[in-house]
Protein chains: 2
Amino acid sequence: MQSVISILADVRAGKRTAREAVEASLDAIAAREPDVLAFERTADRATLLHQAETATGPLAGIAIGVKDIFDTFDMETRYGTPIYAGNQPKSDAAIVAMARRAGGAIVGKTVTTEFAYFTPGKTRNPHDPAHTPGGSSSGSAAAVAAGMIPAAIGTQTGGSIIRPASFCGVAGYKPSFRLLPATGMKTFSWSLDTVGLFAASVADVAAFATALTGRPLEAEPVEPASLRIGIYRSAIWNDASQDMRAAVQTIAALAADAGATVMDVTEPDLLAAAREAHATIQNYEAGLALAGDLALNESRMSAKLRETLLEGTAIAPSEYDAARRIARHARHAATELFSDVDILIKPSAPGAAPKGLETTGVPTFNKLWSLAGNPCVNVPGIADAHGLPLGVQVVARFGQDQRMLSAAAWLQSLLRAG
Amino acid sequence: MQSVISILADVRAGKRTAREAVEASLDAIAAREPDVLAFERTADRATLLHQAETATGPLAGIAIGVKDIFDTFDMETRYGTPIYAGNQPKSDAAIVAMARRAGGAIVGKTVTTEFAYFTPGKTRNPHDPAHTPGGSSSGSAAAVAAGMIPAAIGTQTGGSIIRPASFCGVAGYKPSFRLLPATGMKTFSWSLDTVGLFAASVADVAAFATALTGRPLEAEPVEPASLRIGIYRSAIWNDASQDMRAAVQTIAALAADAGATVMDVTEPDLLAAAREAHATIQNYEAGLALAGDLALNESRMSAKLRETLLEGTAIAPSEYDAARRIARHARHAATELFSDVDILIKPSAPGAAPKGLETTGVPTFNKLWSLAGNPCVNVPGIADAHGLPLGVQVVARFGQDQRMLSAAAWLQSLLRAG
């Protein structure tokens, strides 16, 4: 895979130019894209190389894929649906403009499921083309995993960053809610839609986040003796496969051996119950956010999406308000979880990427944190017997993104050493 | 002015058809628009009348103007800037789709200032064409005030609903934050942008909100003896003109005479200080939300907007985070205000609409509530010596929208009787 940290170091040291770095990514896309199908479209090669020549800023040399749910002034934006064929935005989404401002090269639009919900696009898992890459940020995760690009932008409403990152074996970072702006993305659920990032390793995704935002998000050295890790024994712990649970235990054992404090944390009933509120909030808001699309283009939607929107439309405002109250309480309870531990670890998904391309898997292990707004990151580095990645999810207190990324990068380094 | 309540009652009673009601509004637009210039464009008359013939739902017969900051699939959407000339969205903003679903007739796009910030459009104050209608929801307020339409949709980030409602002498309702969806509007500041409504009277705007959302928001009878009203003595009380302060005192005196409890409420220091945090949050977020527009079209922006965006771009994330913390504390403090009173009353603006069309006035008396998210409504019904409206702003606890609308409608009825 291409490493954000290595490329930035090379460019800074003059070992290669930003243009050469971007060109290497474009060559990698040309080589791997026919097998992986991670991109909906790519930007003009000559224009990209010309821009890279004069690029300045902390992301100069970094080729970035953008989920096709974000507006781009220079590329059609289809939101994964034929309804938006030919849709050419007049401007860039905020996160895209930020990436360009920082000198990054927006090389293409990556495949998303339909409206970033469940119906898959064409992308295949780079580790085995018969398996799903996960979704909804399918192309962003797969393009990084396939070594085509060092960095990608995605979104998560349920589990759309952490799950594909886990299935594809890359670092996927869902920041604290609204750390990254959602302006200029197609809204599905305004209380849940969260912009996030992909890169090869946790340290890489932290470096990408830092350069993109100007916030202190680099992975810093961790003092193992002062790190308290909770294994999150959620109500759905046993819904994870045996090898996925073993992956979490493996990381926990390595951390304990290295001197960290590891303990079990039982899920409070309130948080187990809050998982149910996610669907009410998501579907009610989707029913409004996509009300115009439903009215105009119902027949061009997948059955699953249509059903969800009609369900959402039928939810009474009072029921939605009740779910929002549960979410508010859950946010407080999720904060309380971190009074005795610095981070929680848990499965990123129920198991490795399922076989088949007709589904992208389920967000069961992710949606609670989308609801509560806590930062999460997928730690790659473990594989099952078939060589498919098993990701471990690290979760931290709201706003503790840097601490989380630092701890997760340290955990990944233990896997490498182990 | 056209009354939402009267039209709905007439249609329900069979006194006139929905088509006739919409046609009356279209005729009124034809008659008054040349003087007021409230609309950027209107929808096709024949199509509107045809739709109205078969319209069902609680808004059938109601002609609605939509601020040209919201996407409409059937009308160009320019956001008050030549940058977006020719911009034809493929779908409707959520609030527009809701209005259509409820049977409302979306008759046209109303004038907004540039990107709903300060640079004025062409609209004039219906009470005196030499005076500003206020902004940024200039056309929405003016079109209702001029009797062209019974209902309009607008937005407020600083004071863009309450101020033009006050200047034009109509009811403007800024709901609790996110009670109405902002999806499909051009974002300026995602933490502050609030969708709101205009109608002739407070009772009318409450009826409009009820029919639009399906939420219980009707103005209900008030028991004066159980109503506790606070006159909000903010740090900027004396920035209001003498006749504006007198307008607030007039309403307070009428309410006291009618049996309500009236007391003074002093502004906590925390809330006075929070007023300053508004600009930091707004400008930082606008610097990101419009980053693509700035990069591509800086030269086509007004100097004031450009300056604000560049200022916003220069704000450090840590400074923004500090302002957000102040805002969070302000929300708690704003809730505390209502432990002893049900509603607060205060000026809607520093005074009547200023003369001249080169500015739309200032949001000084509004931005605290945009920051804190409390519901507000402008109560019309008082005029200065020159016949220009002076609005009184009613504010309630977050989520207490119906209580606020009920109390405000009662206050307006006292003005009518008095």
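Domain bounds here come from an automatic or database domain assignment. With that in mind, select chain A and colour it by domain: domain 1 (4-213), domain 2 (224-270 + 332-417) and domain 3 (276-321). Now mark the C-alpha centres of domain 2 and domain 3 of chain A; they lie 30 Å apart.

This is a predicted model, in which local features need pLDDT of at least 70, side-chain atom pairs count only at pLDDT 80 or more, and totals for chains, interfaces and linings use all residues. Residues are numbered from 1 along each chain as its sequence is written, while chains are lettered from A and ligands numbered from 1 in the order in which they are written.

**Stop 1: both chains**

Show chain A and chain B together. Superpose chain A on chain B: a turn of 180° and a shift of 0.0 Å along the axis give an RMSD of 0.0 Å (least squares on the C-alpha atoms of residues with pLDDT of at least 70 in both). That is the relation of a two-fold axis.

**Stop 2: the interface**

Select the contact between the chains. It takes 28 residues from chain A and 28 residues from chain B (in contact means C-beta atoms, placed from the backbone, within 7 Å). On chain A, pick α4 (94-101), α9 (269-289) and α10 (291-297); each supplies at least two residues of the side that touches chain B. Helices are DSSP runs of H or I, at least four residues, numbered from the N terminus. The largest share, six residues, comes from α4(A). Colour this side of chain A by class: 14 nonpolar, eight polar and six charged residues. Ala, Val, Leu, Ile, Met, Phe, Trp, Tyr, Cys and Pro count as nonpolar, Asp, Glu, Lys and Arg as charged, and the others, Gly among them, as polar. The copies meet through the same surface, because 100% of the interface residues of chain A are also interface residues in chain B.

**Stop 3: α2 and α3 of chain A**

Select residues 18-36 (α2) and 45-54 (α3) of chain A. Their axes come within 7 Å and cross at roughly 150°. Axes are lines fitted to C-alpha atoms over the stretch in contact, with angles from 0 to 180 degrees between N-to-C directions. α2(A) and α3(A) are therefore roughly antiparallel (over 145 degrees). Show side chains at the contact, including Val22(A) and Leu26(A) of α2(A) and Leu48(A) and Leu49(A) of α3(A). The contact of α2(A) with α3(A) holds six nonpolar, no polar and four charged residues.

Terms used:
Two residues are in contact if their C-beta atoms, placed from the backbone, lie within 7 Å. Angles under 35 degrees count as roughly parallel, over 145 as roughly antiparallel, 65 to 115 as roughly perpendicular and the rest as oblique.
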